[in-house]
Every structure is written in C-alpha cells, then in structure tokens.
Amino acid sequence: MSVFEGKHILLGVTGSIAAYKAADIASKLTQAGAEVDVVLTEHARRFITEVTFRAITRRPVLIDLFDEPEERQIAHIHLAKRADVLLIAPATANILAKLAYGIADDLLTTLALATQAKLVIAPAMNTVMWQNPATQQNVRILEARGARFVYPVEGMLACGDVGAGKLADTPTILQAIEEVLNPPLRGVRLLVTAGPTEEPIDAVRHISNPSSGKMGYAIADEALRQGAEVTLVTGPTLLAPPAGAKTVPVRTAQQMLDACLQVYDAVDVVIATAAVSDYRPAEVWQGKRKKGEPEWTIRLVPNPDILRTLGERKGKQILVGFAAETQELLQNAQQKLREKNLDLIVANDVSQEGAGFRADTNRVTLLWADSTQKPLPLMSKREVAQYVLQAVRDLLRARSSSEG
Ligand code: PMT
C-alpha cells in the first residue's frame with residue numbers, strides 16, 4: 001500500500017511561474033491515494049486557476065480566509081486539524097519570510113500557523129532572491145523549527161538567469177513527503193561527534209581549532225528529523241543542542257573517546273565530524289602560568305585517534321569519517337578511509353571559500369570504500385547532511401540485504 005493512501009495533504013501554491021508544476025504534484029498525490037486540498041494565494045491565481053486543481057483533486061479549492069464551504073465548520077481550523085502534511089510548492093521568498101515570522105494575512109499563512117501537520121516546503125525563485133541572506137536566514141529559521149525543505153535545483157530560470165532556483169521535480173518532492181510520513185532512519189541508532197576538542201595548557205589556555213560544530217549539529221538534527229535515535233558527543237561550541245538528541249558535552253580528545261566508547265556497542269552508525277586535536281600538552285600547568293620568562297616551550301604528545309580506535313573495534317557499525325584537508329584532498333581522504341577502517345569518508349577541502357570550518361556552507365566529495373566518489377557543489381551544511389545520510393541509508397540497506 002502506498003504511504004500516501006488515506007493521507008490528507010494540504011497543498012499551498014504561491015505566486016511563482018512554477019505554479020503550473022503544482023498541478024502535476026496534486027495529480028500524482030491524488031493518484032497515489034492521498035486526499036489533496038489545494039490552497040491558492042492571490043498571487044498564485046495570476047499563474048494558474050482553481051479550475052485546474054478542482055478537476056485534478058475533485059475537491060473544492062480554497063482561496064479566501066472567509067470561504068466556508070461547509071457551514072458548520074471554520075474552514076481553516078478544520079483543514080489545519082485534519083492535515084497530515086502541509087506542502088507549499090512552489091514557495092516564493094515572500095511566503096518563506098511570512099512563515100519565518102508568523103505572519104498570517106491570508107488563508108495559506110493562517111493555515112500554516114494553525115496546523116500541527118508536518119511542513120514540507122519546495123521553494124522556486126530567481127537565483128539572487130534564493131541566495132539573498134534574508135531568504136537564507138528564513139530557511140534556517142524554518143528548518144530549525146522542523147520544516148523539511150526540498151531545495152530548488154540549478155537550471156535555466158524563467159527570467160533567463162542560470163542558477164539555483166528551479167522548483168525540484170515532482171518525484172523528489174513526493175519522496176520528501178514520503179520521508180516525512182515514514183521517517184527513513186526510524187530505529188537506527190546514530191552516534192555523531194562534533195565541534196573541536198580543547199587540550200588544556202594551564203588553567204586558562206588551551207590548544208584547539210576553529211570548528212564551530214555546525215557540520216556535526218546539522219547531521220545530528222537532520223538524522224533526528226529522519227527518525228534516528230541520536231547521541232551527539234560534542235566538544236565546546238556556541239550552538240544549542242538539537243532537541244531530541246542525547247547530547248554528551250566533552251572537552252578533550254580523551255573525554256570524547258571515552259564518551260564514544262560508552263555508547264559504541266549500542267549504535268548502528270557513527271558519523272565523526274569532530275575536529276579532534278591530534279596532540280595535547282604533555283604536562284598541564286597547575287593554575288595560570290605567569291608571564292615572565294622570555295620563552296615557553298610546550299611539549300606535545302599524541303592524542304588517541306578516536307575514529308581509528310572505533311575502526312579497530314568495528315562490529316556491525318557503519319563508520320563515516322570526515323577528512324579536513326588543505327592539499328591532495330582525495331588521496332589523503334582515501335588513505336584515512338583505509339587506515340581507519342571506514343565505510344565512507346567525506347573529503348572536505350577546508351582551504352576553499354565557503355567550505356569547512358565555521359561557514360554555513362560546505363563543499364565536499366563523498367568517497368566510498370570501493371573507491372566510488374561523488375563530488376558535491378557548494379551547498380548548505382544541512383544539504384551536505386542530507387547527502388551523507390542518504391549514503392548511510394544506502395549502506396545500511398546494502399548491509400541488511402547482504403545478511404539475507
Ligand atoms: O564544525 P564546523 O565549523 O562546521 O566545521 C566542520 C569541519 C571542517 C570540522 C568538518 O567538516 C570536518 O572536516 N571534520 C573533520 C575534521 C578533522 O579532524 O579531520 P581529520 O582529517 O583530521 O580527521 C579524519 C577523521 O578522523 C575525522 O572524522 C575526525 O573526527 C577523526 N579523528 C581525527 C583525529 C583524532 N585524533 N581522532 C579522530 O577521531
């Protein structure tokens with residue numbers, strides 16, 4: 001039976017040239033057994049009429065907040081309560097801003113505030129509008145609240161520009177709804193390491209690195225949304241721990257190793273994004289060392305390699321590492337994959353603009369143990385997380401089918 005069978009989907013269509021593609025989405029959802037109620041904004045009606053959707057869904061199409069097709073019910077509250085999913089496709093920059101700030105000035109935005117249904121948003125707009133920091137900030141606000149985005153793809157846009165902004169295709173949007181209704185990582189126990197480690201020199205100084213934790217937290221958050229049970233072992237960061245994760249704060253590499261070993265036997269997947277200090281001071285000065293002597297030599301000794309230790313003890317787990325490199329990206333990443341007994345490594349050229357430490361975006365290449373590779377363009381860390389988790393799902397599936 002289709003996951004859509006008997007499900008109630010509210011489809012909000014906003015004023016984009018891509019509005020005509022919403023007819024195909026409505027049609028495919030209806031064919032798959034969903035009951036689809038279409039809500040058009042005034043601007044959407046400039047691009048497509050209600051007649052199209054009424055014919056496809058064989059249901060009334062809603063436009064005005066004060067339309068009451070059934071006398072005894074307040075339409076927007078009734079619809080909001082019944083919905084399993086609110087899909088907004090195409091979503092303009094305007095609707096993203098309204099949703100982010102809770103503005104309810106028409107039927108669709110009022111429904112969005114009144115519903116507890118899962119929110120799936122497929123934006124479509126001009127590339128510059130999509131990349132505008134205001135739009136990107138609204139995307140992050142909505143994602144942090146649990147909205148599932150189906151990001152626009154690159155291509156020739158109606159305005160003649162070429163770039164990211166085209167509405168994702170119907171199968172991709174349907175797959176996102178399916179994942180929201182039936183989270184694909186349900187039952188999977190995942191350990192994520194994130195952030196830097198700090199190796200104390202004295203009471204107030206330490207050795208560390210610029211990791212912000214954003215990459216690891218994006219993976220933890222996305223995995224939670226996909227239904228996984230997540231333990232997040234994190235070095236010091238300024239980020240709020242993702243709601244729903246079991247978060248274990250640590251400071252040093254040794255503490256991170258101990259925390260990972262505590263849960264290792266009980267997890268199915270490990271994703272190590274942490275930037276672990278390879279060395280620590282051999283002696284930690286008691287109190288704060290006073291200034292005075294002309295030189296201070298600090299002797300460093302190697303830290304344990306957490307991922308290598310997990311690789312040596314690997315049972316059924318899928319192990320995914322990240323490789324932060326500034327040269328020979330793929331060769332170095334491949335070597336780490338082999339030496340640490342990993343299933344997948346995410347090669348991260350941290351010398352590139354907009355990639356690696358601190359940025360909200362990243363540019364990575366996925367490398368598998370069989371030498372297959374998948375280079376990805378510059379994208380948000382959330383999108384990188386989605387690609388990594390898709391690869392994890394494929395590895396889990398391959399493993400369970402090889403076990404018979
Ligand atoms: O936190 P952000 O600001 O978002 O930045 C993200 C990031 C750049 C930190 C992240 O994308 C990244 O590349 N993480 C890997 C950082 C790293 O330490 O890479 P590495 O090549 O030194 O280590 C390879 C792998 O072994 C990593 O998975 C690392 O977690 C692990 N490792 C390394 C050293 C060590 N002693 N123990 C380990 O477990």
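**Salt bridges, a ligand and some surface**

Modeller: At 1% relative accessibility, Glu222 counts as buried. Keep in mind that this is a predicted model.

Colleague: Which residue does Glu222 meet in a salt bridge?

Modeller: Arg382, with 3.0 Å from N to O. The pair links distant parts of the chain, 160 residues apart: Glu222 is in helix 9 and Arg382 is in helix 13.

Colleague: Is Arg382 buried or exposed?

Modeller: Arg382 counts as buried because its relative accessibility is 9%, and the cut-off for buried is under 20%.

Colleague: Which residues are linked with Glu222 and Arg382 in a network of salt bridges?

Modeller: Glu143, Asp221 and Arg225 are linked with them in that network. The count of salt bridges comes to 26.

Colleague: Why can such side chains pair?

Modeller: Side chains of opposite charge can pair when their charged atoms come close.

Colleague: What about Arg299, which residue is its salt bridge with?

Modeller: Glu283, and the closest N and O atoms are 3.1 Å apart. Arg299 and Glu283 are each in the loop between strand 14 and strand 15, 16 residues apart. Both are exposed.

Colleague: And Lys336, what does it form a salt bridge with?

Modeller: With Glu325, at 2.6 Å between the closest N and O atoms. Lys336 belongs to helix 12 and Glu325 to strand 16. Lys336 is partly exposed, at 28%, whereas Glu325 is buried, at 7%.

Colleague: Now the ligand. How many residues surround it?

Modeller: The ligand has 28 residues around it, and Lys336 is among the closest, as are Ser211, Ser212, Ala274 and Asn348.

Colleague: What is 2.6 Å from an N or O atom in the side chain of Ser211?

Modeller: An oxygen atom of the ligand. A polar side-chain atom of Lys381 is 2.7 Å from a ligand oxygen. For Lys214, a backbone N or O atom lies 3.3 Å from an oxygen atom of the ligand. The protein buries 96% of the 770 Å² that the ligand exposes when taken alone.

Colleague: Last one: where is Arg58?

Modeller: Arg58 is in the loop between helix 2 and helix 3. Arg58 counts as exposed because its relative accessibility is 67%, and exposed means over 50%. Leaving aside neighbours within four places in sequence, Arg58 is in contact with Thr30 and Phe53.

Technical notes
Residues are numbered from 1 along each chain as its sequence is written. This is a predicted model: local features need pLDDT of at least 70, side-chain atom pairs count only at pLDDT 80 or more; totals for chains, interfaces and linings use all residues. Side-chain values use heavy atoms; hydrogens and water are left out. A residue is near a molecule or strand if one of its heavy atoms lies within 4 Å of it. A polar contact is a pair of N or O atoms within 3.5 Å; within protein, one must be able to donate a hydrogen and the other to accept it, and residues adjacent in sequence count only if both atoms are side-chain atoms. Accessible areas come from the Shrake-Rupley method with a 1.4 Å probe; for residues, only the protein chains shown count as cover. Helices (H or I, at least four residues) and strands (E, at least two) are DSSP runs, numbered from the N terminus. Buried means under 20% relative accessible area, exposed over 50%, partly exposed in between (1.4 Å probe, protein chains only). Contact means heavy atoms within 4.5 Å. A salt bridge is a side-chain nitrogen of Lys or Arg within 4 Å of a carboxyl oxygen of Asp or Glu.
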